[in-house]
Amino acid sequence: MPKLMVLISGLAVLILSGLAQAGSKLPEDIQWLTNDSDPVYAASDAVKGGTLNTAILSFPMTFRTVGPDSNGSFRSAILDNDLSLINIHPNTLNIIPELATHWAFGKDKKSMYFKLNPNARWSDGKPVTGPDYAFTLEFMRSPHIVAPWYNDYFTQEIDSVIVFDDYTIAVVGTRAEPDLHLKLGINPTPRHFYGTLGPDFVARYNWKVVPNTGSYQIDDFQTGKHIRFKRKKDWWAQDLKYFKNRFNVDRVHYTVIRDFNMLWEYFKKGKIDVFGLTIPKYWHDKTQIPIFEKGYAQRIWFFNDTQQSAMGLWLNQDRDIFKDTNVRYAFSHAMNIEKVIDQVLRGDYFRLEQAFMGYGPYTNDTVRARRFDLEKVDHCMKASGWRRGPDGIWEKEGKRFSVEATYGFEEHTPRLVVLKEEAKKAGIELLLQQSDPTAAFKKFLEKNFDVAWMGWSTSLRPQYWEHFHSINAHKPQTNNITNTDDPEMDKLIDAYRNSLDEKERIRLSLEIQQKIHDIGMFVPTFMVPYIREACWRWWRLPDPPGTRHSGSLFDPFNSATGGMFWYDKKLHDETLDAMKSDRAFEPVTRIDQTYLKSPQGGDSR
Amino acid sequence: MTLSPLTRKKLQRFKSIKRGYYAFILFATLIVISLFAEILVNSRALAVHYQGRYFFPIYGAMIPGTTFGLDYPYETNYRELSRQFQIAGGADWVWMPPVPFNPLENDLQTDAYPPFPPSLKDRHFLGTDTSARDIVARLVYGFRIAIFFSLTLLVVNYLAGVTVGCAMGYWGGKFDLFFQRIIEIWSNIPFLYVIIIISSIVAPNFFLLILIMVFFGWTSLTWTLRTVTYKERAREYVLAAKALGASDFRIVFKHIIPNTVSVIVTYAPFSVSGGIVALTSLDYLGFGLAPPTPSWGELLQQGWDNMDAWWIVGSVIAAMVLTLILVTFIGEAVREAFDPKLHSTYE
């Protein structure tokens with residue numbers, strides 16, 4: 001019986017690929033490219049083995065990477081193990097191979113051709129072939145996945161996937177554009193696993209572990225408690241040039257530890273292996289403890305040079321009060337970010353000037369965040385006819401300038417209470433609402449907030465459409481949380497998305513950033529152009545410990561920058577012995593400035 | 001109003017239990033003082049004398065700095081004003097409260113990072129918390145919130161609990177049976193989970209939190225009241241009242257409840273301490289009143305995070321222990337004073 005099934009499904013694949021083949025032939029005048037000459041960045045002396053124990057603050061709401069509630073922070077752990085056709089070298093930004101060995105650009109400037117690596121395997125052992133890429137399109141366009149963003153993206157942006165044979169495909173965009181490789185290097189989706197999608201997709205695949213192509217796969221989990229990833233024995237890509245000596249630990253174990261302080265206690269006990277020290281209090285004070293002084297654990301301060309998260313206060317323009325530009329400006333001028341940086345964050349953070357910093361030529365360096373300025377607040381508010389009430393808060397027609405700021409991390413409270421007190425001077429009442437990170441994010445996506453205190457993840461080029469295009473405004477579950485709805489902005493964004501010319505795109509990008517500043521729905525707060533982490537002594541890193549674009553030195557999965565660390569059993573035993581006999585090592589604080597760039601525009605602080 | 005001899009005897013007995021009596025006086029004083037916390041602990045001055053005029057900023061609208069010839073339109077910083085007047089040496093003066101901070105302001109310094117240790121010079125008598133807010137101020141205002149929270153909770157809880165409990169005991173039968181089952185089911189709803197769910201949707205305010213806690217708290221008293229009412233109902237005076245044609249309502253409220261009051265009163269102090277502990281633990285867990293409301297639970301949380309800042313955890317634990325001991329002393333004394341064994345005679 002199983003044999004028959006295999007035969008039938010094999011037949012289906014043949015027929016389908018046959019269908020796709022009809023009428024399409026691989027052009028002969030394309031030039032196949034590959035890249036095996038960029039420098040490797042993993043350490044050649046890395047060894048395999050060990051378990052990385054790490055933690056997440058809340059258990060993911062689903063293992064799906066599309067559909068309702070899937071856009072959480074754990075999603076990246078799953079997605080990072082889904083390789084794409086190609087990737088970007090984190091230091092040179094050149095294209096490097098992943099699931100494809102070769103690629104070629106079409107003459108029409110909207111298609112790319114790929115030769116697939118015939119060795120590529122799904123985690124269930126099935127080969128990764130052309131139809132799996134065609135299925136990605138079918139999958140992402142399906143209404144059953146309840147993911148309007150993806151439905152739209154894979155319709156509006158990607159036109160088709162042409163399967164020439166099992167190992168040669170073309171991905172065609174809907175229009176000619178530059179940076180084609182950033183868009184067309186799609187992921188395969190296992191057709192044999194999903195079969196035909198139905199309306200039960202969302203519920204059915206909530207906790208399913210989907211076959212993937214990366215180095216790890218979830219092999220055990222308990223809802224609400226822990227998730228364990230296991231390294232694949234004989235992973236098909238382990239000897240590829242840019243993957244060699246990476247993804248070294250055998251297991252990555254995420255435990256749910258719901259309290260950030262508990263996390264630190266777990267680290268101190270050695271129950272988790274690494275701990276982020278970006279928060280100043282941790283780097284300066286909390287690490288003044290024996291395990292660091294005796295050298296059992298180490299501190300690393302690594303400067304990177306990468307896109308900065310758009311962190312700050314996002315104003316919901318569907319709220320009546322924020323419909324007025326003057327009020328938004330006044331709000332920006334009432335946020336004393338500089339005071340928070342100097343007196344709460346010890347001057348360790350840098351002022352973020354705008355939402356898209358660190359994007360190279362795509363960043364508009366002339367945009368400056370609005371500084372704390374009571375006179376300007378006064379000016380803006382009076383211009384809109386507001387007056388100060390008896391308690392000093394602005395009032396107009398029975399409305400008070402009292403807004404709720406929602407945030408997800410207890411650790412951020414000291415920053416917000418200072419902002420709140422300073423805002424009071426400016427006549428604005430900021431009510432603080434802290435909730436669970438997942439709940440806070442859900443609130444933001446549902447546009448059910450006044451002011452959102454949050455940061456977005458970044459991408460290689462600035463993404464404007466999802467955050468600022470009116471098509472994503474006034475509806476839940478889209479990233480336009482500020483409900484920006486501005487015809488001029490739409491025009492600019494459409495032009496940016498449609499432009500083929502890199503120079504024009506850069507010009508438009510700068511214009512859009514100026515426009516974001518002019519609308520004033522975002523108050524940029526901090527940027528952190530570095531990573532600080534603590535790890536136990538037996539964790540080893542290459543030299544330099546990260547790449548230009550590393551977001552973490554101990555990211556276990558990221559296919560471009562992750563998995564560079566490894567476990568040293570000898571050092572582990574030695575450290576445990578030393579701890580038992582109370583023998584101390586030299587304390588280690590490793591500061592790496594390989595990629596340090598002076599802050600853009602000089603006095604960003 | 002005249003007190004029945006029995007009640008007078010109970011009160012006398014309560015007074016004679018010195019420990020409980022003094023605890024009660026001290027506790028009542030603390031509550032009264034906390035009502036006037038604005039006069040003792042505040043960043044606003046008690047009185048300002050400026051260019052021949054007097055200002056009393058404590059109660060009332062905020063006075064912008066421009067009123068005193070300063071260059072800012074927001075609320076006057078009276079500590080700073082006082083310093084300036086002293087330097088100027090004129091006839092102007094500022095009279096500050098003993099603790100010149102309000103519980104929300106951040107007294108940040110340029111060369112150091114909070115929490116700051118206790119300092120007489122800065123008038124942070126118990127130091128500051130991690131956001132440089134004065135701990136005395138947070139404790140005092142936190143106490144006021146906690147105690148009134150707990151008292152309000154008590155009143156509402158008892159209103160619901162006594163009414164339903166009495167009704168169950170008085171009518172008995174199917175009504176009793178039905179409500180017993182309802183309450184059993186009710187008390188099986190996990191309280192903490194519901195709080196977590198609700199506070200993840202809305203930030204609970206004072207009254208919402210009371211509502212939630214009453215929702216789960218009223219059941220506990222019903223059992224006792226039901227039993228006591230059953231007992232009282234069988235007594236002759238109830239029978240007599242019934243024979244005279246008194247309504248159910250009158251019998252319950254005029255005759256039965258006054259006779260169960262000793263039970264209610266005995267429970268009350270322990271409910272007060274229960275309420276304080278509940279609010280503190282909810283705040284500690286982050287599901288209580290929204291920050292930056294001054295709260296003991298939040299201080300406790302900070303203390304736990306910053307064990308090396310001993311003054312945070314020390315102050316709040318000392319304050320909690322003191323309050324809870326006072327309430328417990330009162331409770332014990334009340335229980336003893338109202339102990340029916342001393343007053344009832346059995347045939």
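This is a predicted model: local features need pLDDT of at least 70, side-chain atom pairs count only at pLDDT 80 or more; totals for chains, interfaces and linings use all residues.
**Entry 1: Val451(A)**

I left aside residues up to four places away in sequence and listed what Val451(A) touches. The list has Leu313(A), Trp314(A) and Leu315(A). It also has Val403(A), Glu404(A) and Ala405(A).

**Entry 2: the cores**

Next I looked up the largest nonpolar core, which has 114 residues. Which residues have the most contacts inside it? I noted Trp314(A), Ala405(A) and Val451(A). Two of these names, Trp314(A) and Ala405(A), were already on my list of residues that Val451(A) touches. I then found a second, separate core of 43 residues. Tyr216(A), Ile218(A), Ile227(A) and Leu541(A) are included in that second core.

**Entry 3: chain A against chain B**

I turned to the two chains. In chain A, 23 residues are in contact with 21 residues of chain B. Which elements of chain A give two or more residues to this side? They are helix H13 (374–383), helix H14 (413–425) and strand E19 (429–434). H14(A) gives the most, with 7 residues. I sorted the residues on the chain A side by kind: 8 nonpolar, 7 polar and 8 charged.

**Entry 4: two helices**

Last, I checked helix H3 (residues 130–141) and helix H4 (residues 148–156), both of chain A. Their axes come within 7 Å and cross at roughly 135°. H3(A) is therefore oblique to H4(A). Which residues meet here? From H3(A) I wrote down Leu137(A), Met140(A) and Arg141(A). They meet Tyr150(A), Asn151(A), Phe154(A) and Thr155(A) in H4(A). The residues of this contact divide into 4 nonpolar, 2 polar and 1 charged.

Definitions and conventions. Residues are numbered from 1 along each chain as its sequence is written. Chains are lettered from A and ligands numbered from 1 in the order in which they are written. A nonpolar core is a set of buried Ala, Val, Leu, Ile, Met, Phe, Trp, Tyr and Cys residues joined through C-beta atoms within 7 Å. A residue is buried if 20 or more other C-beta atoms lie within 10 Å of its own, exposed if 12 or fewer, and partly exposed in between; C-beta atoms are placed from the backbone. Two residues are in contact if their C-beta atoms, placed from the backbone, lie within 7 Å. Helices (H or I, at least four residues) and strands (E, at least two) are DSSP runs, numbered from the N terminus. Ala, Val, Leu, Ile, Met, Phe, Trp, Tyr, Cys and Pro count as nonpolar, Asp, Glu, Lys and Arg as charged, and the others, Gly among them, as polar. Axes are lines fitted to C-alpha atoms, for helices over the stretch in contact, and angles run from 0 to 180 degrees between N-to-C directions. Angles under 35 degrees count as roughly parallel, over 145 as roughly antiparallel, 65 to 115 as roughly perpendicular and the rest as oblique.
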